[in-house]
Amino acid sequence: MTYQELIDLATQIRDNSAAASNTAELVGSTVLAVIQYFQVRSGAAAIEAEVQQALELIDQAGTTATGSINTAKEDALDAINEAIQGIDITYKVID
């Protein structure tokens, strides 16, 4: 049921002027439809909030991983440069 259909039913109940026109079935089914409508909407909102939170955690994990990779890369390059500087190169000329 759509939001507009709920509005239409509520308007019908409000505007009914004939005796016994607002039957238990009409009023009860309208109330149930409203409850079901908002249960679905609140469930969807809860799922959407969970998805958003998961996406934020994924983004944070990506940022952390990128930082760790960059740090490890810099450390490796520093170690390579230190090793290169520590190498003693000797040339032997062969006649």
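Visitor: Which residue forms a salt bridge with Asp15?

Guide: This is a predicted model, in which local features need pLDDT of at least 70, side-chain atom pairs count only at pLDDT 80 or more, and totals for chains, interfaces and linings use all residues. Residues are numbered from 1 along each chain as its sequence is written, and side-chain values use heavy atoms, with hydrogens and water left out. A salt bridge requires a side-chain nitrogen of Lys or Arg within 4 Å of a carboxyl oxygen of Asp or Glu. For Asp15 the closest N and O atoms are 2.9 Å apart, and the partner is Arg14.

Visitor: Why does Asp15 count as partly exposed?

Guide: Buried means under 20% relative accessible area, exposed means over 50%, and partly exposed lies in between (1.4 Å probe, protein chains only). Asp15 is partly exposed because its relative accessibility is 46%.

Visitor: Is Arg14 buried or exposed?

Guide: The relative accessible area of Arg14 is 61%. By that value Arg14 is exposed.

Visitor: How many salt bridges does a search of the whole structure find?

Guide: The chain has 4 positive and 14 negative side chains, where Lys and Arg count as positive and Asp and Glu as negative, without His and the chain ends. With each charge placed at NZ of Lys, CZ of Arg, CG of Asp or CD of Glu, the centres of the two sets lie 4 Å apart. The number of salt bridges found in the whole structure is one.

Visitor: Which elements give two or more residues to the nonpolar patch?

Guide: Tyr3, Ile7, Val34 and Phe38 form this surface patch, with about 360 Å² of accessible area together (Shrake-Rupley method, 1.4 Å probe; for residues, only the protein chains shown count as cover). Patch members have over 30% relative accessible area and no salt bridge; nonpolar side chains (Val, Leu, Ile, Met, Phe, Trp, Tyr) are joined within 5 Å, and like charges within 9 Å. Helices are DSSP runs of H or I with at least four residues, strands are E runs of at least two, and both are numbered from the N terminus. The contributing elements are helix H1 (3-15) and helix H2 (24-86).

Visitor: What radius of gyration does the chain have?

Guide: The C-alpha trace spans about 120 × 20 × 15 Å along its principal axes, and buried residues make up 7% of the 95 residues. The radius of gyration is taken over C-alpha atoms, and the globule rule is 2.2 Å times the number of residues to the power 0.38. A compact globule of 95 residues would have a value near 12 Å, but the chain has 35 Å.
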